[in-house]
Amino acid sequence: MIDAILFYVFAALALGSALVVIGQRHAIYSAFALIVTLCSLSAIYGLLGSPFIAVLQLVVYAGAIMVLFLFVIMLLNVGREEREGGERSGLKIAAGILTGVLLLQAGAVLLQAVVAPAPGFDASTHKMAQDLFSPRYLYAFEATSILILASIVGAVALAKKDL
Amino acid sequence: MAAAVKVVLIFAALLTVFALMTWAERRLLAFMQFRLGPNRAGPLGILQPAADGIKLFFKEEVVPAAANRWVFLAAPVVSVATAVLAIGVLPYGPPFTLFGRQWQLQIADLGVGVLYIFAVTSLGVYGPVLAGWSSNSKYTLLGGLRSSAQMFSYELALGLSWVGVIMLAGSFRIGDIVDHQAGGFWCWNAVVQLPAFIVYFVAATAEVSRIPFDLPEGETELVAGFHTEYSSMKFAMFQMAEYLNMITVAVLGTDLFLGGWHSGLPFLPSSGIWGFGWFAAKVGLVLFAFIWLRGTLPRFRYDQLMGFGWKVLIPVAVLNILATAAAVVLFGL
Amino acid sequence: MAPDFIPHALLLSLALFSVGLLGVFLRRNIITVLMCVELMLNGVNLAFVAFSRAQGTLEGQVLVFFVLVVAAAEAAVGLAIVIAIHRHKDTLDVDAFNLLKW
């Protein structure tokens, strides 16, 4: 009961701040709104019984990626207002229509999905580690560590002033 | 219901410890510097924190005209909130029985306790960043960015130092890690995982921006760093956040490395009020070590600080993980 | 402790995805576009976690783990590219990056 109420509160918070992300003029307020979205999503993951993913979302997304975004926005001194380009209104209408179509189609499919929560759901870190390091996903796990190394080297090389 | 009572009790206890810490720090620093420190307000100056609080309350609230008002007001709230959130999952003593029930001196016994603390300290980076940016001043912006870069660099070393401890105990739950260290002081993780303990202590000092890593708020370097433009109660909240963070890392270090509430010798009792006494003594020792460092060491330069965090602490922590993992696999510890 | 709001969680993930999609179409600042891409990835993550709860297995959560890692790598490299471009053009308007147009 209290879980359902908390879920709707966090869902409203997540959706509201997502709308602020795309609506705000200044990039830094969008970043703050995105942080709020990420934290409410983390709470929703906790309510769905996945404590490990909830904590990981806070550590990786809200605690690292968004700090990176904030750093770049502050250091590049991103300007206050965006110019309102009137010559792209055709594109904007098309974007709105297409997104609306996506919402209707996918919404119709999802509303017909039979999703009852399965009993005996165990998302403890122990079980998660057993799945992650099982032969099925171990190769992908090692590959992601190399991916991260590549992205570190790439980011440093791209952002350096003199190569 | 019991949780609400625990929240109130632990919060009140922590605020009292915070007030005592400010007094103890000023007195102990003074003794180390061959002077007396505050000894006028009340016996031995013990009412000095109350006097400070009243003084700060009555100071004028200044908000810079060009500052971003809402973010400026929100930054100290974020700092204090993340400092307080970490307090909820730490155990403060052994479980004891009272009125026929088993009580835990812990607000929330999470299965992913240690990871949750890591998440909350990651979120603690935002306080200085928001404060520095919203004050609309070059000193504060630089101080805020330096502070957040320092905090998340040393967070990595902090987290890596815990991995060895978690591998030995086999669980993320802090209570399990404490119970793994029962038996004698040779079972404490500070002895079994000495490199990890050293890395933890150094990284924790840097994480809470204490001397010798307090360049973000270095008074002689950047005016006052990210809280230059803050006055009165908002400044007090930043100080409170710093002290609460310090208490949190001290309690966490005691739980993870110094055996928690277990006495170091098998013939000394460790349950009930004795366990709490041992715990309080160990936390006091760690806090004294923080104050001692403040009175002794000069400040690191910023490039030395970052180089030390990335090039020394992280490799040492990773090597410790490798060695511990090898030991666990080969000897089945 | 069985949550019966899983269908609503799926609808929320769809809503977040479409809000992010709208943002990618409509915003002109490239950093905001990157943030909207992160929003889309989060919508997908929520769908994975909700389905994992419905199915009872942890496959969805393992995939969320990988999506998290890839999103972090992509955000880092994307922002580095933004910094490099800003150094040359001194603007962050998406329409200004048109050197490859014929």
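## Stop by stop

Start by selecting chains A and B: their contact takes 14 residues from chain A and 16 residues from chain B. Keep in mind that you're looking at a predicted model. Now highlight α3(A), because that helix gives the largest share of the side of chain A that touches chain B, 12 residues. Color that side by class and you'll get 11 nonpolar, 3 polar and no charged residues.

Of the 2 pairs of chains in contact, A and C share the most contacts. Here 67 residues come from chain A and 60 residues from chain C. On the chain A side, the elements giving two or more residues are α1 (2-23), α2 (27-47), α3 (51-76), α4 (89-111), α5 (125-132) and α6 (135-159). Which element gives the largest share of this side? It's α3(A) again, with 11 residues. By class, this side has 51 nonpolar, 11 polar and 5 charged residues.

What about chains B and C?

For the last stop, zoom in on chain A and select α2(A) and α3(A). Their axes come within 8 Å and cross at roughly 175°. That's over 145 degrees, so the two helices count as roughly antiparallel to each other. Now pick out some of the residues making this contact, including Leu34(A), Leu38(A) and Tyr45(A) of α2(A), and Leu58(A), Tyr61(A) and Phe69(A) of α3(A). The contact's residues divide into 19 nonpolar, 3 polar and no charged.

Definitions and conventions
Residues are numbered from 1 along each chain as its sequence is written. Chains are lettered from A and ligands numbered from 1 in the order in which they are written. This is a predicted model: local features need pLDDT of at least 70, side-chain atom pairs count only at pLDDT 80 or more; totals for chains, interfaces and linings use all residues. Two residues are in contact if their C-beta atoms, placed from the backbone, lie within 7 Å. Helices (H or I, at least four residues) and strands (E, at least two) are DSSP runs, numbered from the N terminus. Ala, Val, Leu, Ile, Met, Phe, Trp, Tyr, Cys and Pro count as nonpolar, Asp, Glu, Lys and Arg as charged, and the others, Gly among them, as polar. Axes are lines fitted to C-alpha atoms, for helices over the stretch in contact, and angles run from 0 to 180 degrees between N-to-C directions. Angles under 35 degrees count as roughly parallel, over 145 as roughly antiparallel, 65 to 115 as roughly perpendicular and the rest as oblique.
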